[in-house]
Amino acid sequence: MVAVARKRIPPPQASDFESDIVEGLRATPKRVPAKYFYDGAGSQLFERITELPEYYPTRCELRILREHACDIAKLIPEGAALVEFGSGSSKKARILLAAAPKLAAYVPVDICGEMIEQEAADLRPDFPGLKVLPVTADITQAFKLPAEAKAAPARVGFFPGSTIGNFEPHEAAAFLRNAAGILGPGAMLIIGADLIKPVEVLNAAYNDAAGVTAKFNLNLLVRINRELGGTFKLDTFEHHAFYNGERHRIEMHLASLKRQKVKVAGDTFEFRAGETIHTENSYKYSLASLAALARGVGWQPAGVWTDRSDYFSIQAFTLAE
Ligand code: AVI
C-alpha cells in the first residue's frame with residue numbers, strides 16, 4: 001500500500017485583534033491594548049480630540065515646531081534623510097521639511113501603506129527637490145530603509161505627537177534602541193514628548209467637556225461588538241480618565257456601571273459593578289526623565305525646545321559615530 005501524505009489543513013487562526021482582546025479581558029485587571037483605538041471611527045475621533053480646547057498637546061507641539069523650526073533645522077546635516085516613525089498625515093514633518101531645504105530625502109514610515117502612499121503623492125509637488133520614499137512597516141519592529149536613505153550622509157529620525165507616551169517605559173526604551181539600529185551610527189532623533197504639569201490641566205485634557213475623549217474610549221467597545229460579535233451595552237460602561245501621579249501617567253479605563261456578563265468571540269466575561277477595562281496609559285515625562293531613558297540606550301541629548309507654559313517638548317538626541 002502506498003502511503004498518501006495527507007495535506008495538513010491549519011486550523012482557522014484567530015486574528016491578532018481577537019486574541020489580544022480575549023487575552024486582555026481574561027486578565028486581572030482587565031485591559032485592552034491602546035493601539036486598537038484607531039479604526040476608521042477612532043482615527044476620526046482622535047482628530048477631533050486634537051482640536052479640543054482642553055487637549056493642549058497637538059497645539060503646543062505645532063507651536064514649538066513653527067517657532068523653532070529654523071533652530072531645529074540647524075542641527076540637521078546637509079543631504080540628510082528624514083525618517084518619520086508613524087507618519088500618518090505628515091502635517092508636522094511638512095514644517096521641518098520647509099525649514100530644512102538641505103534635506104535630500106523624506107522617508108515616512110507607517111503601518112498603513114495606503115495612507116502614506118497618498119501622503120507621499122501629495123508631498124512631492126510641494127517639495128520638488130526632495131526624494132519622498134514611503135515605507136510600510138510596524139515602527140516597533142526592525143525594518144530596512146530604502147537604499148537612497150541608507151546612502152545619505154546622515155539620517156534624522158522624527159517621532160512627534162508624544163506617541164512615545166503611549167508606550168510602557170520598557171517599550172519606549174525598546175523603541176529608542178530599535179530606532180538607533182534602523183538609523184545607524186551618527187544619527188539624530190527628534191522626539192515630541194508631553195511633559196509633567198499641574199494635575200488639573202492633565203485631567204481636563206482627557207475629560208473634555210464635549211465628551212469626545214469618552215466617545216473615543218467607548219468606540220473600542222463598538223469595534224469589539226462589530227468585529228468580534230461582542231454584546232457590550234454602551235450605556236452600561238463609562239469613560240474614566242485620571243492622572244496617576246506615582247507613575248506619571250494618565251490612565252484611561254472603561255468602568256462597568258453594574259454587575260453583568262458580556263460575550264465576545266464566543267467567550268463570556270463577567271464584570272463586577274465598578275470593575276474597569278484599562279484601555280490606555282499616556283506617560284508624561286520631565287526633560288530629565290526622557291533624557292535618562294534615551295541615554296540608557298545610547299542617545300545623547302542635543303537640543304530641547306518647549307512652549308511658553310512648558311507643557312510640551314521637542315527633544316533632539318544624537319548617536320555616536
Ligand atoms: C496618541 N496619543 C499621544 C494620545 C495621548 O494623548 O496619549 C492618545 C489620546 N488618548 C486620549 N486622548 C488622546
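## Surface

Accessible areas come from the Shrake-Rupley method with a 1.4 Å probe; for residues, only the protein chains shown count as cover. By this method the protein exposes about 15900 Å². Carbon and sulfur atoms supply 54% of that area.

This is a predicted model: local features need pLDDT of at least 70, side-chain atom pairs count only at pLDDT 80 or more, and totals for chains, interfaces and linings use all residues. Residues are numbered from 1 along each chain as its sequence is written, and side-chain values use heavy atoms, leaving out hydrogens and water.

## Overall build

The protein has 10 helices and 14 strands. These are DSSP runs, numbered from the N terminus: helices are H or I with at least four residues, strands are E with at least two. The radius of gyration, taken over C-alpha atoms, is 22 Å.

Of the 321 residues, 52% count as buried. Buried means under 20% relative accessible area, exposed over 50%, and partly exposed in between (1.4 Å probe, protein chains only).

## Helix H2

H2 covers residues 40-50. Gly42, Leu45, Ile49 and Thr50 are buried there. They lie on the same side of H2, because they cover an arc of only 145 degrees around the axis. The arc uses the directions from the helix axis to the C-beta atoms. On the other side, Gly40 and Gln44 are exposed.

What do the buried residues of H2 pack against? Helix H3 (56-74) and helix H9 (212-228).

Conventions: Contact = heavy atoms within 4.5 Å. Rg over C-alpha atoms; globule rule 2.2 N^0.38 Å.
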